[in-house]
Amino acid sequence: MEIIRAEGKKLMAADPSESVVGNMVRRVLKIIREEYASGAKGVDSTDETDAQESLHNLLLAEGGVEDFSKSIPTLKASINESIGELLTELEGSAENVATQALEHIYGGDTIMTIGKSRTVLAFLKNAARKRSFNVIVAEGFPFLGGHDMALKLSEANIPTKVIPDADVFAFMPHVNKVIIGTHTVMADGGYVYISLMCSLSTRFKSFGVLVCAAMYKLSPQYFHSLDQEGFNKFANPQMLLPFEEMEGRESVEIINPVFNYVPPDCVTLYITNMGSNAPSYVYRLLSELYHPDDREL
């Protein structure tokens with residue numbers, strides 16, 4: 001576990017904004033803990049009751065220290081098997097999210113999304129098999145991933161319209177729901193994505209904001225206003241103001257952040273490969289995926 005933490009810190013230092021790296025390190029550490037506890041129970045050959053196990057887990061969650069001194073010959077094989085199951089879960093996560101599309105999209109809906117998300121694309125294409133609906137795609141300036149997204153939706157025979165990000169508020173009265181992807185789901189139920197305009201604009205109209213997110217994007221980290229560099233990255237400022245137009249503006253500083261933080265009150269539902277959950281339920285998912293001692297690597 002110490003080796004995995006050390007290697008995980010090296011990978012995380014390469015790009016701190018990619019929280020998925022740390023999430024996977026924590027998942028592997030949780031697997032090791034669980035497999036060791038299961039193997040140690042077999043070595044001891046003791047029959048603990050459910051109540052005793054619950055008490056034991058509660059004590060560990062409150063900061064108790066586990067004893068890893070026992071030798072378990074089958075530990076490596078069982079860990080490898082569990083990691084293989086994790087890989088299978090990761091490979092099928094987008095498909096598992098997409099299979100829930102018919103529960104949330106109805107005939108005649110007008111859906112807004114922004115930028116390009118492979119998970120949202122699979123979600124909408126799955127719904128299009130049995131539903132007829134329209135999609136409005138905000139282009140996601142300055143990366144303009146919405147154009148590629150709209151092209152792929154059109155190839156799937158889904159009526160699609162591309163709009164500038166500035167027109168989101170104008171088109172919102174014609175929309176039934178917003179379906180977007182995410183880069184990271186934060187521990188407080190908020191999320192990090194390329195734009196917050198779609199989510200914020202829904203405050204003026206009562207309908208749902210559905211965020212398609214596989215569980216490997218769920219981070220135990222919280223957003224702090226003074227920790228922008230901790231979760232953000234910055235793109236080339238020339239996307240916003242070309243170098244040729246900078247003459248006479250040497251004192252201008254241009255910051256082009258890639259992501260924005262969207263608070264949990266702007267989200268209706270997270271659609272994950274483990275089902276649909278409200279933002280207020282994220283804390284429970286964290287306890288299932290990560291051990292409390294691994295929240296801070």
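The side chains of K177 and D109 meet in a salt bridge, with a distance of 2.7 Å from N to O. K177 lies in strand β4, whereas D109 lies in the loop between α5 (93-98) and β1, so this pair ties together parts that are 68 residues apart in sequence. The structure described here is a predicted model.

K177 has a relative accessibility of 12% and counts as buried, because buried means under 20% relative accessible area. D109, with a relative accessible area of 8%, is buried as well.

## Further salt bridges

In total, the count comes to eight salt bridges. One of them joins E89 to R27, and the closest N and O atoms of this pair are 3.1 Å apart. E89 belongs to helix α4 (residues 75-91) and R27 to helix α2 (residues 19-44), so the bridge ties together parts of the chain that are 62 residues apart in sequence. E89 is partly exposed, with a relative accessible area of 25%, while R27 is buried, with a value of 9%.

R33 forms a salt bridge with D294, and the closest N and O atoms are 3.0 Å apart. The pair links distant parts of the chain, since R33 is in helix α2 and D294 is in the segment after α11, 261 residues apart. R33 counts as buried at 6% relative accessibility, and D294 counts as buried at 0%. A network of salt bridges links R5, R33 and D294.

## The nonpolar cores

Which residues of the largest nonpolar core touch the most other members? Among the 29 residues of this core, they are M112, I180, Y191 and L218. Several elements give two or more residues to the core: the strands β1 (110-114), β2 (134-138), β4 (177-180), β6 (191-193) and β7 (209-212), together with the helix α11 (282-289). The largest share, four residues, comes from α11.

## An open sheet of three strands

Three strands form an open sheet in the order β5-β6-β8, and their pairing is antiparallel. Why is one side of β5 and of β8 left without a neighbour in the sheet? Both β5 (184-185) and β8 (260-262) stand at the edges, and each has a single partner strand, so one side of each has no neighbour there.

The pairing of β6 with β8 is antiparallel and runs over three bridges. Within this pairing, V192 has Y261 in β8 as its bridge partner.

F141, F143, L144, M239 and L240 make a nonpolar surface patch of about 430 Å². One of these residues, F141, is placed in the loop between β2 and α7 (145-155).

Is F141 buried, partly exposed or exposed? With a relative accessible area of 45%, F141 is partly exposed, because that class lies between the limits of 20% for buried and 50% for exposed.

Conventions. Residues are numbered from 1 along each chain as its sequence is written. This is a predicted model: local features need pLDDT of at least 70, side-chain atom pairs count only at pLDDT 80 or more; totals for chains, interfaces and linings use all residues. Side-chain values use heavy atoms; hydrogens and water are left out. A nonpolar core is a set of buried Ala, Val, Leu, Ile, Met, Phe, Trp, Tyr and Cys residues joined through side-chain atoms within 4.5 Å. Buried means under 20% relative accessible area, exposed over 50%, partly exposed in between (1.4 Å probe, protein chains only). Patches are made of residues with over 30% relative accessible area and no salt bridge: like charges are joined within 9 Å, nonpolar side chains (Val, Leu, Ile, Met, Phe, Trp, Tyr) within 5 Å. Accessible areas come from the Shrake-Rupley method with a 1.4 Å probe; for residues, only the protein chains shown count as cover. A salt bridge is a side-chain nitrogen of Lys or Arg within 4 Å of a carboxyl oxygen of Asp or Glu. Two strands pair if DSSP finds at least two bridges between them.
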